[in-house]
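Me: Let's go through the labels used for this model. I will ask what stands behind each one.

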Amino acid sequence: SACFPHDRLNLTTIETQALVDTDLILQSQTMKFASAIALAAISGASAFVAPQGPAASTTQLSMSDVRTSVRDDIGVGGGSPLYRAGGTARDLAEIWDNSSPVIVQGGSLRTWSFANPAIESVQVLLKTEGRPLDADVELWQGPDNTPHKMRVYVEDGALRTFNAVIGTPRGPNTVAIRNIGQLEFPLDAVVRPDRDDGLAAGIASVATRSETIQGGALRTYPFNPTVDSVAIILKTDGRPLNARIELLQGPNNNKQVVELYTEDGLDRPFFAIVETPGSGNVVRVVNTAPVEFPLYASVDAYRVGGGGDWADDGLMIGRAF
């Protein structure tokens, strides 16, 4: 049939309107699809964000209220330096004055045997007349069984003596000290049982905190110049203990180094007193074991200001970072 001009105009208008509607629908669907993709990307990225939780607290080890020995679960105690708290543990100088040191010549070996199974810990003290100290300390329990051993180096054995307490449960036990220095560098050694009010009790009484050091990690503890000595406790939850303790005074200037191994860090924890004369002293504890073997360390001031110069105004005596 014949098509008039106004009819063709109406058809063109309808077709144009249909195209516009189609474009609007396509644009709306495209925007919805893009919004869905963006939302999915944001949701997926949030899966990789670590959840924010409370700050992890340091591990606190329990303290025996009745009896103090290295086989007890010792970790934190009164939290005050020994001479401020009026502790009953004996001074290191008093131990040397009341003991008969044994001279271990360079390259020689001396042993101390303890047959009494009631002796659960022994004190090991080493010093020189001002010369370097280099020794191996081992605990023997039965044939070919060395559950505890240490390598000790001190730059000046008179200024910084070596003082430690090692666990000796289930006797008999033998402590062996080998002077691996030259013949010209003898050392004096005192090895004797540690009482319940001895060095281990004094060290535990000043411990204020304990923190976990993962395998392969390290912690450093700087101390104020008024701190004369530092108490150290290292232990595990029953796994082997491998650690290195260093006393630094200046960049990479080792004044004392102890390389430590214990087959059971819960049954045989390590107690030590490190003397820190002068300023700029930093104690560094390195867990040399694999990551599966964490350890628990407590490092605090033992003697401050020679016993009489302790300030009561909140002096910072040590901080881990």
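Reply: Start with the ring rule: rings of Phe, Tyr and Trp pair if their centres lie within 6.5 Å. In this predicted model, the count comes to zero aromatic pairs by that rule.

Me: What makes K127 count as a charge over the face of W96?

Reply: The cut-off for NZ of Lys is 6 Å from the ring centre, within 35 degrees of the ring normal. K127 is at 4.5 Å from the ring centre of W96 and lies over its face. Therefore K127 counts as a charge over that ring.

Me: How is the lining of the second largest pocket divided by class?

Reply: It has six charged, four nonpolar and two polar residues.

Me: Which elements supply at least two residues each to the lining of the largest pocket?

Reply: α3 (92–97), β11 (227–235), β14 (270–275) and β16 (295–304) do. α3 gives the most, with three residues. The largest pocket holds about 220 Å³ of space. Of its 15 lining residues, D91, L92, A93, E275 and R303 are the closest to the centre.

Methods: Residues are numbered from 1 along each chain as its sequence is written. This is a predicted model: local features need pLDDT of at least 70, side-chain atom pairs count only at pLDDT 80 or more; totals for chains, interfaces and linings use all residues. Side-chain values use heavy atoms; hydrogens and water are left out. On a 1 Å grid over the protein atoms alone, a cavity is a set of points where a 1.4 Å probe fits but cannot get out, and a pocket is an open set with protein on both sides within 12 Å along at least five of seven lines; lining residues have an atom within 4 Å of a point. Grid points are joined across faces, edges and corners, and a volume is the space filled by probe spheres set on the points. Helices (H or I, at least four residues) and strands (E, at least two) are DSSP runs, numbered from the N terminus. Ala, Val, Leu, Ile, Met, Phe, Trp, Tyr, Cys and Pro count as nonpolar, Asp, Glu, Lys and Arg as charged, and the others, Gly among them, as polar. Rings of Phe, Tyr and Trp (its six-membered ring) pair if their centres lie within 6.5 Å; planes under 30 degrees apart count as stacked, over 60 as edge-to-face and the rest as tilted.
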